[in-house]
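Subject: Structure handover

Hello,

Here is the structure I said I would pass on. My notes on it follow below the display.

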Amino acid sequence: MPETEPWEYSLHIPNDPRAVTVCRRTLRLILTMHGLIGLVDVAELLATELISNAVRHTKGPAALRVHWSATGVLRIGAWDADPSPPEPPRPFAPALEREDGRGLALVRACADVWGWQPLARDGSRGKFVWCELGAA
C-alpha cells in the first residue's frame, strides 16, 4: 500500500552518461522501499529520458528529484545548469535509424502531465524539467 505521508529525494550527479543508470536504479530502490512497485517501470522510463536529456544536452552537473505527495502523485524531475528551454516534443515518426529526438515525446505520452521551468537561485541558473504520475 503506498504511503500517504509526502517525501522527497534528490540525487546530484556529474555530467556522465553512466549517471543515468545510477539514477534509474536509485529510483527503483526508492519506489520499491515506499511500496510503489506498480509505478516503477513507467517511472524508470520517464526518469531515464529526463536525466538522459540533462546529461546529453548540457555540460554541467544535473540532479534527479523525486517527490511523493500526500494526494498520491509522484513527481519526477531533472535539474540541469542550462537555462535554455527543452526542445518541444516531436511527433513520433517512422525514422527508425534515428536514436534521438523521442525522449520528451515519450514523457508526454506516458506521464499524466509534464512541464519545465527556468530556475535562478544564489547566482546559479538552470532549468527543471518534470513530469507527474498518479498512483491510481
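A residue is called buried when its relative accessible area is under 20%, exposed when it is over 50%, and partly exposed in between, using a 1.4 Å probe and protein chains only. Two points on the source come before the findings. The model is predicted, so local features need pLDDT of at least 70 and side-chain atom pairs count only at pLDDT 80 or more, while totals for chains, interfaces and linings use all residues. Residues are numbered from 1 along each chain as its sequence is written, and side-chain values use heavy atoms, with hydrogens and water left out.

Overall layout

The protein has 3 helices and 5 strands; these are DSSP runs numbered from the N terminus, with helices being H or I of at least four residues and strands being E of at least two. Read from the N terminus, the order of elements is β-α-α-β-β-α-β-β. Of the 136 residues in the protein, 38% are buried. The exposed surface comes to about 8000 Å², and carbon and sulfur atoms supply 56% of it; accessible areas were computed by the Shrake-Rupley method with a 1.4 Å probe, and for residues only the protein chains shown count as cover. A contact means heavy atoms within 4.5 Å. Among contacts with a separation of 6 or more, 62% are between residues 24 or more positions apart.

Helix H2

Helix H2 covers residues 40-57. Its 18 residues should span 26 Å at 1.5 Å a residue, and the end C-alpha atoms are 25 Å apart, which agrees. The expected span here is 1.5 Å times one less than the number of residues in the helix. The buried residues of H2 include Val40, Ala43, Leu46, Leu50 and Val55.

Threonine 48, in helix H2, counts as buried because its relative accessibility is 17%. Setting aside neighbours within four places in sequence, threonine 48 is in contact with Val20 and Arg24. Glutamate 44 also lies in H2 and counts as buried, at 12% relative accessibility. Not counting residues up to four places away in sequence, glutamate 44 touches Arg24, Leu27 and Arg28.

Salt bridges

What does glutamate 44 meet in a salt bridge? A salt bridge is a side-chain nitrogen of Lys or Arg within 4 Å of a carboxyl oxygen of Asp or Glu. The partner of glutamate 44 is arginine 28, at 2.9 Å from N to O. This pair links distant parts of the chain, with arginine 28 in helix H1 and glutamate 44 in helix H2, 16 residues apart. Arginine 28 is partly exposed, at 34% relative accessibility.

The whole structure holds 5 salt bridges. Another one joins arginine 75 to glutamate 132, with the closest N and O atoms 2.8 Å apart. That pair also links distant parts of the chain: arginine 75 is in strand S3 and glutamate 132 in strand S5, 57 residues apart. Arginine 75 counts as partly exposed because its relative accessibility is 25%. Salt bridges that share partners join Arg28, Asp41 and Glu44 into one network.

Aspartate 16 and arginine 18 form a salt bridge as well, at 2.6 Å from N to O. Aspartate 16 is buried at 17% relative accessibility, whereas arginine 18 is exposed at 63%.

Nonpolar core

A nonpolar core is a set of buried Ala, Val, Leu, Ile, Met, Phe, Trp, Tyr and Cys residues joined through side-chain atoms within 4.5 Å. The largest one has 31 residues, and Leu74 and Ile76 have the most contacts inside it. Elements that each supply at least two residues of this core include strand S1 (7-13), helix H1 (18-33), H2 and strand S5 (124-134). The largest share, 8 residues, comes from H2.

Cysteines

With a disulfide taken as a pair of cysteine sulfur atoms within 2.5 Å, the count is 0. Cysteine 131 is in no disulfide, and the nearest cysteine sulfur, that of cysteine 110, is 9.2 Å away. Cysteine 131 is buried, with a relative accessible area of 0%. Cysteine 23 is buried too, at 1%.

Regards
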